[in-house]
Amino acid sequence: MSPQRPIYLDYNATTPIDPAVKSAMLPWLQNHFGNPSSVHVYGKVVHQAVELARQQLANLIGSDPSEIVFTGSGTEASNLAIKGSIWPRLLELSPRRSSQLQVIHSAIEHPATIKPCQWLAKFGCHIEVIPVDQFGILNLDKLRSALQRLTLLVSIMHSNNEVGTLQHVREIACMAHQAGALIHVDAAQSLGKVSINVREFDIDLMTIAGHKLYAPKGVGALFVRKGIQLESVIHGAGQEAGRRAGTENVPYIVGLGQAAEIARQSLPSATQHLQQLRDRLWNGLKERLEDIVQLNGHANERLPNTLNISVKGWFGSELLTACPSIAASTGSACHEGQVSISPVLAAMGIDSERAQGAVRLSVGRFTTEAEIDQAVDAISQVVM
């Protein structure tokens, strides 16, 4: 790390492009420019590259390649999953009867899930929000009760982007299916950090985001289990088996495929390496700051790379400003001198003072032990 650049501990916000991903993309930026829909050799070559990437992504998540739909982002993938699965059912009903249909999500979902659900509510669909406990784990009793109402979809993030909490997806999927509902899982933050198999988890729809997986921004994918019919949210030609119109972004899709292949080959050792770095960071801070530093989220059931802490007596934004040698993030926002706390921490019941002090430190593939030790020194010196 050059002295001019801070230590990057914000991998949950975005990851750098892996050099091997960049190398895989370059031929498709420089030489192979054909349209994948063209029948001549220029088109066939790039079509094959797209299909290879589809296979690579399918290999990572345990799906069939035909179940992968490439999108422009994880947000688009979630919109396609939520709107695409619900909209046809709403059209079957009159506005008065549409309120009989329900979509469920947790209280700590990403806006890419919450906003599409709120859009469906404008057309009468009932949206049920299930609370979480103090660690960010979904209340399964509340979910079981909510599923007594006719439910079309349960949308749950596999891991929370702020505190890293992992949900009990297998159990949630079982409950949803017993009630006749589909399950959509936002795995944007999990993929590549922990193993996810859509068959083992019994997932119907799953969101993937390239820039969380050491691929470029501007590419994502949606896993769609065979037999599920989706209404397209981007209308045009018949790309992606008619599920997502628009000429494919071949270089970025190739990059996502290569990133998936790297992730597949690196698991489970990548999980262990990330956890070692995360725990080195936490143990170092705890040893130096003792009770001044507090952990937010579950101690064990969380992403191996994610550490969300609060430091007593500090706003998170002030702490990061005082530590310019570290690039990290907070879940709060400051407006005209007022600090609003993270909706995730609020949903977990974290008190206002502690929530305002929250800082998310997330390590990644290129983080070093030396950087971890430097970060511990920087934070400790400022706080003490």
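Predicted model: local features only at pLDDT ≥ 70, side-chain atom pairs only at ≥ 80, totals over all residues.
Residues are numbered from 1 along each chain as its sequence is written, and side-chain values use heavy atoms, with hydrogens and water left out.

- S7 spans residues 205-209; 5 of the 5 are buried, so the strand is largely enclosed by the rest of the structure.
- Strands (E, at least two residues) and helices (H or I, at least four) are DSSP runs, numbered from the N terminus.
- Strand S6 (residues 182-186) runs parallel to S7, joined by 3 bridges. Two strands pair if DSSP finds at least two bridges between them.
- Aspartate 186 has threonine 207 as its bridge partner in S7.
- Strand S8 (residues 220-224) pairs with S7 in the antiparallel sense, over 5 bridges.
- Valine 224 in S8 stands opposite leucine 205.

**Aromatic pairs**

- The whole structure holds 7 aromatic pairs. Rings of Phe, Tyr and Trp (its six-membered ring) pair if their centres lie within 6.5 Å; planes under 30 degrees apart count as stacked, over 60 as edge-to-face and the rest as tilted.
- Tryptophan 87 and phenylalanine 123 form an edge-to-face pair, 4.9 Å centre to centre with 75° between the planes.
- Tryptophan 87 lies in helix H3 (residues 74-92) and phenylalanine 123 in the loop between helix H4 (111-121) and strand S4 (126-130), so the pair ties together parts 36 residues apart in sequence.
- One aromatic cluster is formed by Tyr8, Tyr11, Tyr214 and Phe366.

**Charges over rings**

- Arginine 365 lies over the face of tyrosine 214, at 3.8 Å from the ring centre. The criterion is NZ of Lys or CZ of Arg within 6 Å of the ring centre and within 35 degrees of the ring normal.
- Lysine 83 lies over the face of tryptophan 119, at 4.7 Å from the ring centre.

**An exposed loop residue**

- Phenylalanine 33 lies in the loop between helix H1 (19-30) and helix H2 (41-61).
- Phenylalanine 33 is exposed (over 50%), with a relative accessible area of 65%.

Methods
Buried < 20%, exposed > 50% of the residue type's maximum accessible area, 1.4 Å probe, protein only.
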